[in-house]
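Morning, everyone. Let's look at an interface today, and then at one residue.

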Amino acid sequence: MTLDLVAIVISAILVNNFVLMRFLGICPFLGVSRRLSTAMGMGVAVIFVMTLASAITWIFQHGLLTPLGLDYLQTVVYILVIASLVQFVEMVIQKTSPALYQALGIYLPIITTNCAILGVAFINVREYYSFLESSVNGFAGGVGFTLAIVLFAGVRERLDVAETPAALQGVPIALISAGLMSVGFFGFRNLFHFLFS
Amino acid sequence: MSRLRKLVDDFRNGIIPENPLLRLVLGMCPALAISTAVMNGFWMGVAVTFVLTGSNLLISLIRGLIPSRVRIPCFIVVIATFVTVVDLTMNAFLPEMHQILGIFVPLIVVNCIILARAETFASRKPALNSVVDGLGMGLGFTLALVIISSIREILGTANLVVAGWRVFGAGLPFNPAQVMVMPPGAFVTLGLIVGALNLATRRRSRRAACREEARS
């Protein structure tokens, strides 16, 4: 049981990193990674929303869709749940904690179309995760996203002052650097073998 | 005549000038994730084209009925409906491809291209233009996907399999670089293609500027 959870956490953060191995959430990964501070803010917002979204979509799936045999409505229901969840979180934070809103507010609206959030919900249901496993997977997935985007922001801050060929400036060089980071994450491939055997 | 001309322009716009993937850099997640083999890229492109055309048509038809404050949720519901249609159809007729594309079929819902076209084009233009725009954008996306996935498949497996047929017979005479069909290959390939396109554009505009100078 605990071992399963540990495996899920390691898998979501390192072995199957959401961004670099599963290609989920590439748009914010490229879009808001220019500065370390914004990358950090985005990361925290994603961890927060992803954990909540995993838990709530699980409740909808197993409390509503599966019992009523409405599995074909999965896509429509998930995206609506996530969109309203983000709106709701935004309103709650705005009312209760202006400081937190200041930090996360601008990232929340973009999160609705972050495919990592919807992606984690689909992964949870396809892997037949329990409620606890789903939530942990959502949280760890968010941590994996944060790790990748924060590391990448560090790389990009250096790229800004590096001499790159004119045609590669901007998105192309960012993609190539992400590729090299992805090679680095390959090093974790055998982690399971190493830990659990 | 000028209306026809406008339609042709709308169609061509998505293929080269505003290619969603290579120019606007939208819809990266599926492009990177499933471009390991050319058939995956092709079917993903077809699925996106269908959703894009369908949602553009429907949104354009109901654009007068949607209050602008709730337009984004309305667009998302329309898009999600078309994605469900694609998801179920693929599951029924192409079960193997559906398995390979995995969660990236339902994830078409959050593909930025579709919402972007709904917001900037379909909610403002007549139905026919919106359909043509959807087809053009979809074709541009499919072409870009096919190019990326062919490069990755050729370099990564030394062969190209199109609908079960091996294009290069026993394979090309080099050792396949497996990293190309793995995640790092996706990032590097797309980065280099976008870079090459930038280079071509710069060359062309510089040449145009030279010609301009020579004339004056």
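**The interface between chains A and B**

Chain A and chain B bury about 3000 Å² between them, and 85% of that comes from carbon and sulfur atoms. Buried area here is the accessible area (1.4 Å probe) that two parts lose on being put together, summed over both. Three residues, F23(A), A167(A) and L175(A), supply 20% of what chain A buries against chain B, more than any other three.

Housekeeping. This is a predicted model: local features need pLDDT of at least 70, side-chain atom pairs count only at pLDDT 80 or more, and totals for chains, interfaces and linings use all residues. Residues are numbered from 1 along each chain as its sequence is written, chains are lettered from A and ligands numbered from 1 in the order in which they are written, and side-chain values use heavy atoms, with hydrogens and water left out.

Now the contacts, meaning heavy atoms within 4.5 Å. On chain A, 35 residues touch 35 residues of chain B. How many salt bridges are there between chain A and chain B? The count is 0. The cut-off is a side-chain nitrogen of Lys or Arg within 4 Å of a carboxyl oxygen of Asp or Glu.

**One residue: S60(B)**

Let's move to chain B. Is S60(B) buried or exposed? S60(B) is buried, because its relative accessibility is 1%; buried means under 20% relative accessible area (1.4 Å probe, protein chains only). Setting aside residues up to four places away in sequence, S60(B) touches A122(B), K125(B), P126(B), A127(B) and S130(B).

Terms used:
Buried < 20%, exposed > 50% of the residue type's maximum accessible area, 1.4 Å probe, protein only.
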